[in-house]
Amino acid sequence: MSTPLETLFTTVRSENRAALIAYIPAGFPTQEGCKKVIQAFVDGGVDAIEIGFPYSDPVMDGPTIQAAADRALSQGTGAKEVFEALKHATDLGVPAVVMTYWNPIEKYGVEKFAQAISDNGGSGVITPDLTIEESAAWTAAVAQSEINSIYVVAPSTKDARLASVTDHCSGFVYAASLMGVTGTRTSVSSGAPDLVARIRKSTDTAVAVGLGVSTREQAKGVAGYADGVIVGSAFINKLLESEDEASGLIAVRELASQLAQGVREGR
Amino acid sequence: MTTTAENALAEIAGHFGPYGGRFVPEALIGALEELDAARIFAQTDPTFIAELAELHRTYTGRPSIITEAKRFAEHAGGARILLKREDLNHTGSHKINNVLGQALLTKRMGKKRIIAETGAGQHGVASATAAALMGLDCVVYMGEEDTRRQSLNVARMKLLGAEVIPVTSGSRTLKDAINEAMRDWVTNVETTHYMLGTVAGPHPFPSMVRDFHKIIGEESREQVLALTGRLPDAVMACVGGGSNAIGIFHRFISDESVRLIGLEAAGDGVETGRHAATITGGSPGVLHGNRTYVLQDANGQTIESHSISAGLDYPGVGPEHAYLHDIGRAEYRAVTDTEAMEAFSILSKTEGIIPAIETAHALAGAMQVGKELGPDAIILINLSGRGDKDVQTAAQYFGIPL
């Protein structure tokens, strides 16, 4: 059986475009605010949503997502809020996954976590710091709960290893466009097309590109060679920069709509 | 050897039982594999071995001596107290053992820049020193809170030509300095070596850093045998990440009669929640790239640690210690700020040796264990660092006007 995420990539491939995937941490700017952001994503035309599990030591994240995670954590955001936000997204009919560092999964219980994703309608989990060598328990749990396991690969990942990592991926392969942490960049790394091409040699699974995408033009560029475009920090910046929640939500919806056009203009 | 001792030395693919391993962004795997290959090659490469030995002889000041602390022993139940004087190493602590090894590896890997994290500043100073010696660029990440507690060491690093970046995220201490160093490394891994300062982090760091420090135990085992004719009853060291402790423990692991005792920082007391005693008061989890004991809450978020000692103020611990604890080969106890500062004062006044506050935790532990074991016992303590950097903190603590 396909997850909603897998179905989405089948659909966008048939429409000859890329999917727009938007990221928001649970509990940011508040738990209720997060639900409104999810609604704004959907209204703006986002195809799939990543719910971030805010973590105290996010080594893959730049200052923007760190700030959002800090705010969410200071309001007591934990597993309960993550699953609640996930359910909010999937209840709206949009495919959704959780992105989390490994320790919160281990603390929650590996099998229990995978099952909670499935129970809340989630399609899978992105694990940026879980290496395939440490993944045995997780691989069994995602198979049991019939959800996708999504790993992040980088430009430095060598071909032989790329094949092993993508073997563990379902739903999509998360291609980090550059060597670095999350955050907006003035241009998307020139290493990204090469990485995506290398990934495609080892797998038919969809490939989504993240790190540094923030504008319609950048989304259009990435959509030219990838199946999905992932945007996180740019949305969070809109919320951090806005004077109040209402104007932040308008800005999020507007950016989503711009990016949604971008992913349709790439080919 | 019994099964316990054999198990204690078993290390499979970067794992110590269930601990260790690699939990890192895929971007770092290539660099970790390159480092692992370089350090394994170096272990049996006569040129590398000779180069490092020569540096230790002519630069570090090895072998470090053993000092018998007879007047201090009166405060430790009359047990025979032997101090392994790592404080007399160049830069004032054991940290130099590791950085010289890693700096040589950095050059072999063709990298020109090193980054390091530091808590107390000892590892930062050691890294800046090694970088100066070998002509490498050096950036040190240090929690903003720690740059205040250890301003003297910040100045030392700058004098040595390093750039010191105060880290303002999270708790602004060692754990956040490691996060920031990891972010730098993910971004600059092509040109940069992360000179991690303790036996934590992803494989191969826990094994590699231990191997550069195990000379402490190798030397002191011979020295104690020569001096006393027998093995010590207990070997003791403070444990933050645990590098000085694993360094002195490792050679003694197969000596089953020798108790290995690590002293963690209990801060205000483990029961208060304001402590850094990870094994005593934490639970298994993943932090900074390895599975180990972690101070964490119900959601797996790291809990901020507390200790008067910046170098022990860390909510994780090396995975090998986690394993030695679980199989019962080493014991871990917790020492409060108050107990550590009392031992700090006693050693200063009885032996004329001002220890680092980190090291004072081991001394406080030895005062307890000496009383438990009595006057026939021989206790070897790793005097891991000197207290010059702590003069300001100690003066404040004891009410001495500056």
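Mentor: Let us begin with a definition: a residue is buried under 20% relative accessible area, exposed over 50%, and partly exposed in between. Please bear in mind that this is a predicted model.

Trainee: Why is Arg251(B) called partly exposed?

Mentor: Its relative accessibility is 32%.

Trainee: Where does Arg251(B) lie, and which residues does Arg251(B) touch?

Mentor: Arg251(B) is in the loop that runs between α12 (243-249) and β10 (259-269) of chain B. Not counting residues up to four places away in sequence, Arg251(B) touches Gly217(B), Glu218(B) and Arg221(B). The C-alpha atom of Arg251(B) is separated by 27 Å from that of Thr129(B), and these two residues are 122 residues apart along the chain.

Trainee: Is Ser233(A) counted as buried or exposed, and why?

Mentor: The relative accessibility of Ser233(A) is 5%. Buried requires a value under 20%, so Ser233(A) counts as buried. Ser233(A) belongs to helix α11 (residues 233-241) of chain A. Residues up to four places away in sequence aside, Ser233(A) touches Thr64(A), Ile65(A), Thr182(A), Gly183(A) and Thr184(A).

Trainee: What makes the pair of Tyr397(B) and Phe398(B) edge-to-face?

Mentor: Two values are needed, since a pair of aromatic rings is described by the distance of the centres and the angle of the planes. For Tyr397(B) and Phe398(B), the centres are 5.0 Å apart and the angle between the planes is 85°. Rings pair if their centres lie within 6.5 Å, and planes over 60 degrees apart count as edge-to-face. The structure holds 16 aromatic pairs over all chains.

Trainee: How do you know that Tyr397(B) and Phe398(B) are partly exposed?

Mentor: Tyr397(B) has 36% relative accessibility, and Phe398(B) has a relative accessible area of 37%. Each value falls between 20% and 50%, and therefore each residue is partly exposed.

Trainee: Which residues do ring pairs link into a cluster?

Mentor: The cluster consists of Phe53(A), Phe83(A), Trp102(A), Tyr108(A), Phe113(A) and Trp138(A).

Trainee: What makes the charged end of Lys112(A) sit over the ring of Tyr108(A)?

Mentor: The charged end is 4.4 Å from the centre of that ring. The limit for the distance is 6 Å, with a further condition of 35 degrees from the ring normal. The distance is thus within its limit, and Lys112(A) is listed as sitting over the ring of Tyr108(A).

Trainee: Which residues have the most contacts inside the largest nonpolar core?

Mentor: They are Ile24(A), Ile51(A), Trp138(A) and Phe172(A), in a core of 95 residues. A second, separate core has 92 residues, including Tyr101(A), Ala130(B), Leu136(B) and Val189(B). In soluble globular proteins, nonpolar side chains tend to be buried together.

Trainee: What lines the largest pocket?

Mentor: The lining has 16 residues, and those nearest the centre are Phe48(B), Ile49(B), Leu52(B), Asp211(B) and Phe212(B). The volume of the pocket is about 410 Å³. The largest share of the lining, 5 residues, is supplied by α3(B).

Terms used. Residues are numbered from 1 along each chain as its sequence is written. Chains are lettered from A and ligands numbered from 1 in the order in which they are written. This is a predicted model: local features need pLDDT of at least 70, side-chain atom pairs count only at pLDDT 80 or more; totals for chains, interfaces and linings use all residues. Side-chain values use heavy atoms; hydrogens and water are left out. A nonpolar core is a set of buried Ala, Val, Leu, Ile, Met, Phe, Trp, Tyr and Cys residues joined through side-chain atoms within 4.5 Å. Buried means under 20% relative accessible area, exposed over 50%, partly exposed in between (1.4 Å probe, protein chains only). Rings of Phe, Tyr and Trp (its six-membered ring) pair if their centres lie within 6.5 Å; planes under 30 degrees apart count as stacked, over 60 as edge-to-face and the rest as tilted. On a 1 Å grid over the protein atoms alone, a cavity is a set of points where a 1.4 Å probe fits but cannot get out, and a pocket is an open set with protein on both sides within 12 Å along at least five of seven lines; lining residues have an atom within 4 Å of a point. Grid points are joined across faces, edges and corners, and a volume is the space filled by probe spheres set on the points. Helices (H or I, at least four residues) and strands (E, at least two) are DSSP runs, numbered from the N terminus. Contact means heavy atoms within 4.5 Å.
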